[in-house]
Every structure is written in C-alpha cells, then in structure tokens.
Amino acid sequence: MSSTDRLRRYISDECGSCGQEDVDEWLAELQELDAAASGPAVDSDVELLSALSNETRYKIVRMLHAADDELCVCELSPLLDVSDSAISHALSKLTDAGLVTRRKEGKWRMYRATPRATSILVALDGSRGLSAPAHD
C-alpha cells in the first residue's frame, strides 16, 4: 500500500470522489504545512522543550526566573533534592538550550534566566486553565 492510498481513501470520504489530480492537490497543501512546521527553529525549539522536560531543570529555570537576579549553584543546591553533579549537568543543558546564562565570578559560577526562558514561563503560566477548542 502506498503512502497516498490512505490519503486517497480519506479524500474520497470527504469529497465523495477523487482523482489523481485531487490527491496531488491535497498532497501539495500538506507539503506546504510540513514546510511551515519545519525549518531551522525546529531543532532549537526541540532542544528547549527537551531541556524543560526534566523536573530538576524546570525547577531551576523557575527559581532563576523568580529570583529575577543571578544565583550561584551553592544557592540552588539546598533547594534541590539532587547531587551537585546533577545540578551542574542540568545547568549545562539549560545553558546550551539558551534558557540560562552563566558567568564566572572568581571561583563561583553565577546563573540567570534568559528572556527566552521568561517568555516560555509566562506563556505556560498564561495557558493554565485554558480549555482546548472543541473539535467536530
């Protein structure tokens, strides 16, 4: 069975009949959707979402955002029930994803939430309680 056979059956159900031209036209529209959903931002967005998909990393971003200032690892450590190594790994992943910045101050590393992290958290906060639209 070709990948378009199922599409052809769907189009027939929707339109009552279908020819190869209908399938080609519908497929072209679907390919435009695919192109709109793809692109260079996808990898960055997936990395960001992956970075937030862990509770420790998510809490770190939330704490840095709430602090509205830099925090040192030594300030995060007592609040998280994970090893210092796990915190360092989490901060590295968050930095790579563009959610936190890091700078060295003497022997200390200071971290801060980025504007991108703030935007994501504001969007998440705003989305709570919103119901999904009904579909037919």
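Reader: In which helix of this predicted model does Asp-96 lie?
Author: The model is predicted. The helix that holds Asp-96 covers residues 84-96.

Reader: Is Asp-96 buried or exposed?
Author: The relative accessible area of Asp-96 is 53%. A residue counts as exposed when this value is over 50%. Asp-96 is therefore classed as exposed.

Reader: How many Å apart in space are Asp-96 and Arg-128, C-alpha to C-alpha?
Author: Along the sequence, Asp-96 and Arg-128 are 32 residues apart. In space, the C-alpha to C-alpha distance between Asp-96 and Arg-128 is 27 Å.

Reader: With which residues is Lys-93 in contact, leaving aside its neighbours within four places in sequence?
Author: Lys-93 has its place in helix α6. Its relative accessibility is 29%, so Lys-93 counts as partly exposed. Once the neighbours within four places in sequence are left aside, the contacts of Lys-93 are Ser-50, Ala-51 and Arg-57.

Reader: What distance separates the C-alpha atoms of Lys-93 and Val-23?
Author: Lys-93 and Val-23 stand 70 residues apart along the chain. The separation of their C-alpha atoms is 44 Å.

Reader: Which of the elements of the chain has the lowest mean pLDDT?
Author: Over the chain, pLDDT averages 86, and 93% of the residues score at least 70. Among the elements, helix α4 (residues 55-67) has the highest mean, 96. The lowest mean, 75, belongs to α1.

Reader: At what angle do helix α1 and helix α2 pack?
Author: Two packed helices are described by the angle between their axes and by the distance between the axes. For α1 (residues 5-15) and α2 (residues 20-37), the axes are 10 Å apart and the angle is about 105°. Angles of 65 to 115 degrees count as roughly perpendicular. The term that applies to α1 and α2 is therefore roughly perpendicular, at an angle of about 105°.

Reader: Which residues in α2 does α1 meet?
Author: From α1, the residues Leu-7, Arg-8, Tyr-10, Ile-11, Glu-14 and Cys-15 take part. By class, the contact of α1 with α2 has eight nonpolar, one polar and three charged residues. On the side of α2, the partners are Gln-20, Asp-22, Val-23, Trp-26, Leu-27 and Leu-30.

Reader: How many Å separate the C-alpha atoms of Ala-28 and Arg-109?
Author: Ala-28 is found in helix α2, and its relative accessibility of 34% makes it count as partly exposed. Along the chain, Ala-28 and Arg-109 are 81 residues apart. Their C-alpha atoms are separated by 51 Å.

Reader: How are α4 and α7 placed to each other?
Author: The axes of α4 and α7 are 10 Å apart, and the helices pack at an angle of about 100°. An angle of 65 to 115 degrees is the range for the term that applies here. Relative to each other, α4 and α7 are therefore roughly perpendicular.

Reader: With the side chain of which residue does the side chain of Thr-118 make a polar contact?
Author: Thr-118 is placed in helix α7 and counts as partly exposed, at 28% relative accessibility. Its side chain makes a polar contact of 3.4 Å. The partner in this polar contact is the side chain of His-65.

Reader: The backbone oxygen of which residue lies 2.8 Å from a polar atom of the side chain of Thr-114?
Author: Thr-114 lies in the loop between β3 (108-113) and α7 (115-127). With a relative accessible area of 9%, Thr-114 is buried. Its contacts, apart from neighbours within four places in sequence, are Gly-98, Leu-99, Val-100 and Thr-101. The backbone oxygen at 2.8 Å is that of Gly-98.

Reader: What phi does Asp-68 have?
Author: Asp-68 has its place in the loop between α4 and β1 (71-72). At 65% relative accessibility, Asp-68 counts as exposed. Although Asp-68 is not a glycine, its phi is positive, at about 50°.

Key
Residues numbered from 1 in each chain as written. Predicted model: local features only at pLDDT ≥ 70, side-chain atom pairs only at ≥ 80, totals over all residues. Heavy atoms only, no water. Axes fitted to C-alpha atoms, helices over the stretch in contact; angles between N-to-C directions. Helix = DSSP H or I, 4+ residues; strand = E, 2+ residues; numbered from the N terminus. Parallel < 35°, antiparallel > 145°, perpendicular 65-115°, else oblique. Contact = heavy atoms within 4.5 Å. Nonpolar A, V, L, I, M, F, W, Y, C, P; charged D, E, K, R; others polar. Buried < 20%, exposed > 50% of the residue type's maximum accessible area, 1.4 Å probe, protein only. Polar contact = N/O pair within 3.5 Å; in protein donor to acceptor, adjacent residues only side chain to side chain. pLDDT = per-residue confidence, 0-100.
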